[in-house]
Amino acid sequence: MRDDTFHVFDTTLRDGAQREGINLRVSDKLAIAQLLDDLGVAFIEGGWPGANPKDTEFFQRASRELTLEHAQLTAFGATRRAGVRAADDPQVAALRDSGAPVVTLVAKSDDRHVERALRTTLDENLAMIADTVSHLREHGQRVFVDCEHFFDGYRHDPQHALDVVRAAAGAGADVVVLCDTNGGMLPGDITRIVTEVREATGARLGIHAQDDTGCAVANTLAAVDAGATHVQCTANGYGERVGNANLFSVVGALELKYGRRVLPEGCLAEMTRVATAIAEIVNLAPDTHQPYVGVSAFAHKAGLHASAIKVDPDLYQHTDPELVGNRMRMLVSDMAGRASIELKAEELGLDLAGDRALSGRVVDRIKGLELTGYSFEAADASLELLIREELGAPVRYFETESWRVITERRPRSGSGPLAHEDDSLTEATVKLRVKGERVIATAEGNGPVNALDRALRESMETVYTALAGLELTDYKVRILEGTSGTNAITRILITLSDGTGEWTTVGVGPNVVDASWIALEQGVTYGLLRQGYPQT
């Protein structure tokens, strides 16, 4: 049976879904719930059944479609209305009938909100809490109570805030959660107030922290230091305004810094996978610099760092990245030294064999290219091709004789509302030598880069059949600093995929098309290398 002495409570599906730009379908919520269960959180707050059709459907489908191994599903809702018995309140009935074994009730704990928002008396507010908790407990559900605006309320009227905690705990609430709803608290105040509340009430306390001061994770840990044994968080810190306490940062700190086992055995290593998968579901780019789980969380760029890491990775890392399912990465840039290059080559599966002269040549070449605008930090495929050249084993599958792009504008015929606009047609021609044969191919595309991409691959598909399966998945344009106007130097990053993996190449040139061709040429070359084709 799972240890109940400390709770990790996730509210991504309810509080996290309030983030601007997130709009979850029921199928999205079900998929996220399964991922959170994979991570091993104790409770997943699914939403407010009865408040909207989507959340009602979620609880109906969850009972049939979710198989939760670690977590319990939690329904969220409010205490009964003023002047109505809990047994007669339709909203309370929706919570009772949701099928969720646990209910989280939100209750007003700031006297100003009671009087101005609820428009009732402080005594009636306490009765609403006690009656609703008792009613749900009588029907076999476990109850947590979220004390909304608790810290602001405690500073304004500590007596009523404490009375709310006592009313909830006295009626049978397992946990009373102190909420920093406006997110304005700092860790020192959190520690003091949680300590005072725990000593004054004896209740089991939890913490729910918003991140408006950038302190939600620190505030959550401060509450734990003061005796809270229930933490409410959201995946990747999603939430209203600037967000909530980040689930992965809190769990990482509790497990790795506090030495407190809060996830089932083996689940901590799922953090990076789960964080990335949830970001993809909500259609937000993963935060590359997120603690513990970001792709840059264990990335090292400075040469001084690399020299030390080559001796012992722990010298510049606060924990082993593999513990959270992440990995160490070496970044190569104009800051790189020989140690950086040697470690990066090893990461790419290449052996520089301790050859200082060879490493020095690679460093010098990289620094020279970066002076012209190249950046290899995000272009491992280009870097690998460069290192292979310096090793005396350049990768060659074709040679470029020439290429040409023509874009033609044609007036659109007709008299409709778009008759004033023109059609654009782009045609690219490439001339290559492939296995000693001269090959010419022409293709049309939606713009010059697309046309070049098609022509390049079509010219060789009969020789290298795997090219048909390549897909351009990302394309980034950067006008380099210090240049402007139509004469600006352009850097292009292109990401290709063969269905089993992705790789990125970089090109720099006097215009978008020139830079794109360089990146495309390298991208296709690397794709053929991945497929194991013999070189010409």
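Let's start where a helix starts: D355 caps the N-terminal end of α14, with a side-chain oxygen 3.1 Å from the backbone nitrogen of A357. Keep in mind that this is a predicted model.

**Helix α14**
- Helix α14 covers residues 356-371, which makes 16 residues.
- Which residues of α14 are buried? They are L358, S359, G360, V362, V363, I366 and E370.
- After α14 comes G373, and the phi of G373 is positive, near 120°.

**Helices α8 and α9**
- Helix α8 takes in residues 187-201 and helix α9 residues 216-225; their axes come within 8 Å and cross at roughly 30°.
- Angles under 35 degrees count as roughly parallel, so α8 and α9 are roughly parallel to each other.
- On the α8 side, the contact is made by P187, I190, T191 and V194, while α9 brings A218, N219, A222 and A223.
- The crossing of these two helices, α8 and α9, is right-handed.

**Two loop residues with positive phi**
- R119 is not a glycine, yet its phi is positive, about 55°.
- You will find R119 in the loop between α4 (111-118) and α5 (122-138).
- N236 is not a glycine either, and its phi is positive at about 60°.
- The loop between β8 (230-233) and α10 (247-256) holds N236.
- Is each one buried or exposed? R119 has a relative accessible area of 73%, so R119 is exposed, whereas N236, at 13% relative accessibility, counts as buried.

Notes
Residues are numbered from 1 along each chain as its sequence is written. This is a predicted model: local features need pLDDT of at least 70, side-chain atom pairs count only at pLDDT 80 or more; totals for chains, interfaces and linings use all residues. Side-chain values use heavy atoms; hydrogens and water are left out. Helices (H or I, at least four residues) and strands (E, at least two) are DSSP runs, numbered from the N terminus. The expected span of a helix is 1.5 Å times one less than its number of residues. Buried means under 20% relative accessible area, exposed over 50%, partly exposed in between (1.4 Å probe, protein chains only). A polar contact is a pair of N or O atoms within 3.5 Å; within protein, one must be able to donate a hydrogen and the other to accept it, and residues adjacent in sequence count only if both atoms are side-chain atoms. Axes are lines fitted to C-alpha atoms, for helices over the stretch in contact, and angles run from 0 to 180 degrees between N-to-C directions. Angles under 35 degrees count as roughly parallel, over 145 as roughly antiparallel, 65 to 115 as roughly perpendicular and the rest as oblique. A crossing is left-handed if the near helix is turned anticlockwise from the far one by less than a right angle, and right-handed if clockwise. Contact means heavy atoms within 4.5 Å.
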